[in-house]
Amino acid sequence: MIDDAQLLDYPCDFPIKILGHTQAGFAQAVLDVVKRHAPDFDGATMELRASKRRKYLSVTCVIRATSRAQLDGLYQELCDHPMVVMVL
């Protein structure tokens with residue numbers, strides 16, 4: 001069995017992709033959540049990509065992860081957000 005502590009060496013750059021329906025305020029909502037868990041994240045580095053039919057918008061954020069607890073909290077808050085469909 002692999003120990004979770006061996007999977008990542010913290011701190012490290014960690015990409016997170018968040019998918020939601022295309023709607024006003026989605027990218028800002030994602031940024032607000034990410035900044036709560038990674039205060040040093042620069043929102044100008046967010047990558048936005050619309051789906052082919054523009055029904056969905058994906059937001060990719062590369063944060064400086066400092067711990068497993070930080071990532072767990074961030075993923076949980078993003079998954080619980082009503083505008084978010086999926087987090088990868």
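Student: Is Phe14 buried or exposed?

Tutor: Phe14 is buried, because its relative accessible area is 18%, where buried means under 20%, exposed means over 50% and partly exposed is in between, with a 1.4 Å probe and protein chains only. Please keep in mind that this is a predicted model, in which local features need pLDDT of at least 70 and side-chain atom pairs count only at pLDDT 80 or more, while totals for chains, interfaces and linings use all residues. Residues are numbered from 1 along each chain as its sequence is written, and side-chain values use heavy atoms, with hydrogens and water left out.

Student: How many aromatic pairs are there?

Tutor: The count comes to one aromatic pair, using a rule by which rings of Phe, Tyr and Trp (its six-membered ring) pair if their centres lie within 6.5 Å, and planes under 30 degrees apart count as stacked, over 60 as edge-to-face and the rest as tilted. The partners are Phe14 and Tyr75, whose ring centres are 6.5 Å apart and whose planes are at 75 degrees, so the pair is edge-to-face.

Student: Where do those two sit in the chain?

Tutor: Phe14 is in strand E1 and Tyr75 is in helix H2, 61 residues apart, and the pair therefore links distant parts of the chain. The labels come from DSSP runs numbered from the N terminus, with helices (H or I) needing at least four residues and strands (E) at least two. Tyr75 itself is partly exposed, with a relative accessible area of 23%.

Student: New topic: which residues touch the most other members of the largest nonpolar core?

Tutor: They are Ile16, Ile18, Phe26, Phe41, Cys61 and Ile63, out of 24 residues in that core. At least two residues each come from strand E1 (12–21), helix H1 (26–37), E3, helix H2 (68–80) and strand E4 (84–87), and H1 gives the largest share, six residues. A nonpolar core here is a set of buried Ala, Val, Leu, Ile, Met, Phe, Trp, Tyr and Cys residues joined through side-chain atoms within 4.5 Å.

Student: OK, how many salt bridges does the structure hold?

Tutor: The structure holds three salt bridges, each being a side-chain nitrogen of Lys or Arg within 4 Å of a carboxyl oxygen of Asp or Glu. One of them joins Arg64 to Asp13, with the closest N and O atoms 3.2 Å apart. Arg64 lies in strand E3 and Asp13 in strand E1, so this pair ties together parts that are 51 residues apart in sequence.

Student: And which residue does Glu77 pair with?

Tutor: Glu77 forms a salt bridge with Arg36, and their closest N and O atoms are 2.5 Å apart. Because Glu77 lies in helix H2 and Arg36 in helix H1, the pair ties together parts that are 41 residues apart in sequence. Glu77 is partly exposed at 24%, whereas Arg36 counts as exposed at 53% relative accessibility.

Student: What about Arg68 and Asp72, how are they separated?

Tutor: They are four residues apart in helix H2, which means a separation of about one helical turn. Arg68 and Asp72 form a salt bridge in which the closest N and O atoms are 3.0 Å apart.
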